[in-house]
Amino acid sequence: MNPESRKAFFKQSGWMILATTAGGVFMSAVHTVVGKIEAEEYAVFVTLLRCLIVLGIPTAGLQTVFAQQAAAAVTDPQVQQLRRTTRAVLTALFGVWAVMALAVFAGQNSLLNLLKIENATALWMTMLVVLAAVWLPVLRGILQGQQNFMGMGWIAIWDGVGRFVAVCLIVLVLKGQAAGAMSAALFGQLGALVLCLWWTKDVLKGPGSPFCWRDWFGRLTPLTLGFGVLLFIQNADVIYVQSIFSKDDSPYY
């Protein structure tokens with residue numbers, strides 16, 4: 001490794017460490033603020049966050065797959081294929097999310113009772129966060145493959161800082177509960193999504209060329225299953241406890 005490459009490596013690595021640490025610190029600080037709301041509402045908030053992770057399992061391998069494809073897009077035909085793949089996948093994800101939203105709408109009362117949610121706004125804020133959360137891995141993967149570490153770093157910072165600032169305003173000033181906390185999460189995710197869309201705008205526009213869905217799914221499926229099983233095991237217990245424990249007992253878990 002020559003001196004210039006070494007300098008660039010340490011500069012990029014240092015920036016990503018700083019950015020992810022800052023984003024993570026503010027993400028964690030969100031819970032110190034939300035913890036001030038009623039215990040039952042905090043239990044609802046934590047449960048909805050776990051629901052968000054579980055619902056996002058189908059996209060678990062997207063960032064890796066798109067990072068690989070974006071890194072390999074060095075010729076014009078490959079760039080055009082990346083554009084077509086990105087737009088097709090984002091459209092497909094929106095379609096899947098729309099079906100999920102319709103299912104939630106149809107079973108809203110049952111879900112509210114099952115998860116002990118008093119304010120339906122909390123449920124719908126979560127569904128909006130889900131849409132942003134399933135799109136972000138695609139765009140982050142492109143940035144990673146293009147080695148746009150500056151963009152990835154600022155997105156991580158905004159997601160944490162934006163969420164923290166919003167939750168301080170909504171919970172501490174406006175006295176919001178679980179629905180307000182999920183609104184703050186939506187604010188952070190939307191800000192990160194806007195930044196991603198800005199930095200990947202060249203991929204989102206321009207001519208595209210067809211790609212093979214079968215081959216693409218062949219790369220995605222093993223990663224999704226591997227990550228998905230782990231994510232489900234780590235998060236499903238909270239949702240299960242919230243559904244079977246009484247409203248007074250679930251916060252203790």
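Me: Why are H7 and H8 called roughly antiparallel?

Reply: This is a predicted model, so keep that in mind throughout. Helix H7 (residues 149–173) and helix H8 (residues 178–199) pack at an angle of about 155°. Anything over 145 degrees counts as roughly antiparallel, and therefore H7 and H8 get that label. Their axes are 8 Å apart, and the crossing is right-handed.

Me: What makes up the contact of H7 with H8, by class?

Reply: There you find 14 nonpolar, seven polar and two charged residues.

Me: Why is the ring pair of tryptophan 158 and phenylalanine 187 called tilted?

Reply: Look at the planes: they sit at 50°. Stacked needs under 30 degrees and edge-to-face needs over 60, so this pair is tilted. How do we know the rings pair in the first place? Their centres are 5.7 Å apart, and the cut-off is within 6.5 Å. The pair also links distant parts of the chain, with tryptophan 158 in helix H7 and phenylalanine 187 in helix H8, 29 residues apart.

Me: Are those two residues buried, exposed or partly exposed?

Reply: Tryptophan 158 has 33% relative accessibility and phenylalanine 187 has 42%. Buried means under 20% and exposed means over 50%, so tryptophan 158 counts as partly exposed, and so does phenylalanine 187.

Me: How do you know whether valine 203 is buried or exposed?

Reply: Its relative accessibility is 7%. The limit for buried is under 20%, so valine 203 counts as buried. You'll find valine 203 in helix H9 (residues 201–204).

Me: Which residues does valine 203 touch, leaving out those up to four places away in sequence?

Reply: Leu82, Arg83, Thr86, Arg87, Ile142 and Gln146. As for alanine 70, valine 203 is 133 residues from it in sequence, but 9.5 Å from it in space, C-alpha to C-alpha.

Me: Where does alanine 70 sit in the packing of H3 and H6?

Reply: Helix H3 (residues 62–72) packs with helix H6 (residues 120–145) at an angle of about 35°, with axes 7 Å apart, and the crossing is right-handed. Ala70 is one of the H3 residues making the contact, along with others including Phe66, while the H6 side includes Ile142. By class, the H3–H6 contact has nine nonpolar, four polar and one charged residues.

How values were computed:
Residues numbered from 1 in each chain as written. Predicted model: local features only at pLDDT ≥ 70, side-chain atom pairs only at ≥ 80, totals over all residues. Heavy atoms only, no water. Axes fitted to C-alpha atoms, helices over the stretch in contact; angles between N-to-C directions. Helix = DSSP H or I, 4+ residues; strand = E, 2+ residues; numbered from the N terminus. Parallel < 35°, antiparallel > 145°, perpendicular 65-115°, else oblique. Left-handed = near helix turned anticlockwise from the far one by under 90°. Nonpolar A, V, L, I, M, F, W, Y, C, P; charged D, E, K, R; others polar. Buried < 20%, exposed > 50% of the residue type's maximum accessible area, 1.4 Å probe, protein only. Contact = heavy atoms within 4.5 Å. Phe/Tyr/Trp six-rings, centres within 6.5 Å; stacked < 30°, edge-to-face > 60°.
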